[in-house]
Amino acid sequence: MELNEITITKGIIDRFSKKLMECTKVDVAIVGGGPAGLVAAYFLASARKRVVLFERKLSIGGGMWGGGMMFNEIVVQEEGKSILDGFGINTVEYEPGYYTADSVESISTICSFAVKAGARIFNLMSVEDVMIRDGHVVGLVINWTAVEMAGLHVDPLAISSKYIIDATGHDTEVVKVIERKADVSLNTPTGKLMGERSLWAEKGERLTIENTKEICPGVFVAGMSANAAFGGPRMGPIFGGMLLSGKRAAELIIEKDASH
Ligand code: 48F
């Protein structure tokens, strides 16, 4: 059989369009493909929710690839290890209570599990805005990252979703837009975004899970974004909090959805 370039082209356009079309109305839309967003995507898709995840960059994985200061190993504690174990990711005990894992094995495996569980992942797309009706966030406004980078004047498209997870990491990008553009009070002690505090591994890890909450109607924060929203510290290259927070966000949404 002689390969036909036009068939290849049509195959890509056709299949991509179908995939995106299926994601114009979902149960959960996740912004950010770092460890927290991917773990949430996996658990939600495993619970048969329709899940889409948008990642700004070409590569999925956020801050996990780089381990600590580009040394591509991560550290997890006992609780975090249990999540890695669930994905079959190898860990090695370093000292009692501290385990290391290869960051490339970790993030590529979690990503693969999320996709195989049914989550749809779109890379190279940035979420630039939300849609709000009666104080409730009902969807996301998306555009190509390349459009954003080039500063082109191109209008975005939109998708609707029952629940949103802001898993954008240190920048809390989705909630920042909501705070700036909508008359919605946030579920933080100040009603505003509180901002991330300086490095403190122990406190940061614990608070990441506590701060994984519904921050305003329909919107949950997970991972570093949760601490940045609620004024918790960063924790550096220990990743248990990110993994557990992703799982917690999924559980909160599954619980809430069941009660509706
Ligand atoms: O930063 P990131 O890995 O967030 P996380 O899952 O994990 C944090 C750790 O990596 C690390 C840490 C360790 O404990 O503190 O920093 O909370 O992943 C966030 C992803 O979101 C993407 C961004 O490119 C990154 O890959 N992102 C951010 N804003 C947007 C976005 C946006 N507006 N639209 C799409 N993707």
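Mentor: Let's take these features in turn, keeping in mind that this is a predicted model.

Trainee: Is α2 mostly covered or mostly uncovered?

Mentor: In general, residues three or four places apart on an α-helix point the same way, because there are 3.6 residues a turn. In α2, ten of the twelve residues are buried, including Gly37, Ala40 and Leu44. The buried residues pack against several elements, among them β1 (25–31), α4 (103–117) and α9 (240–258).

Trainee: Where is Ala167 found, and is this residue buried or exposed?

Mentor: Ala167 lies in the loop between β9 and α6 (173–181). With a relative accessible area of 9%, under the 20% cut-off, Ala167 counts as buried. Beyond its neighbours within four places in sequence, Ala167 contacts Ile30, Val31, Gly32, Gly37, Ala222 and Ser225. The C-alpha atoms of Ala167 and Ala40 are 9.1 Å apart, although 127 residues separate them along the chain.

Trainee: Which residues line the largest cavity?

Mentor: Rolling a probe the size of a water molecule over the atoms shows where empty space is left. Here the largest cavity has a volume of about 30 Å³, and its lining is Val127, Asp129, Val130, Glu173, Val174 and Val177. Four of these are nonpolar and two are charged. β7 (125–133) and α6 each supply at least two lining residues.

Notes:
Residues numbered from 1 in each chain as written. Predicted model: local features only at pLDDT ≥ 70, side-chain atom pairs only at ≥ 80, totals over all residues. Heavy atoms only, no water. Buried < 20%, exposed > 50% of the residue type's maximum accessible area, 1.4 Å probe, protein only. Helix = DSSP H or I, 4+ residues; strand = E, 2+ residues; numbered from the N terminus. Contact = heavy atoms within 4.5 Å. 1 Å grid on protein atoms, 1.4 Å probe; cavity = no way out; pocket = protein on both sides within 12 Å on 5 of 7 lines; lining within 4 Å. Points joined across faces, edges and corners; volume = space filled by probe spheres on them. Nonpolar A, V, L, I, M, F, W, Y, C, P; charged D, E, K, R; others polar.
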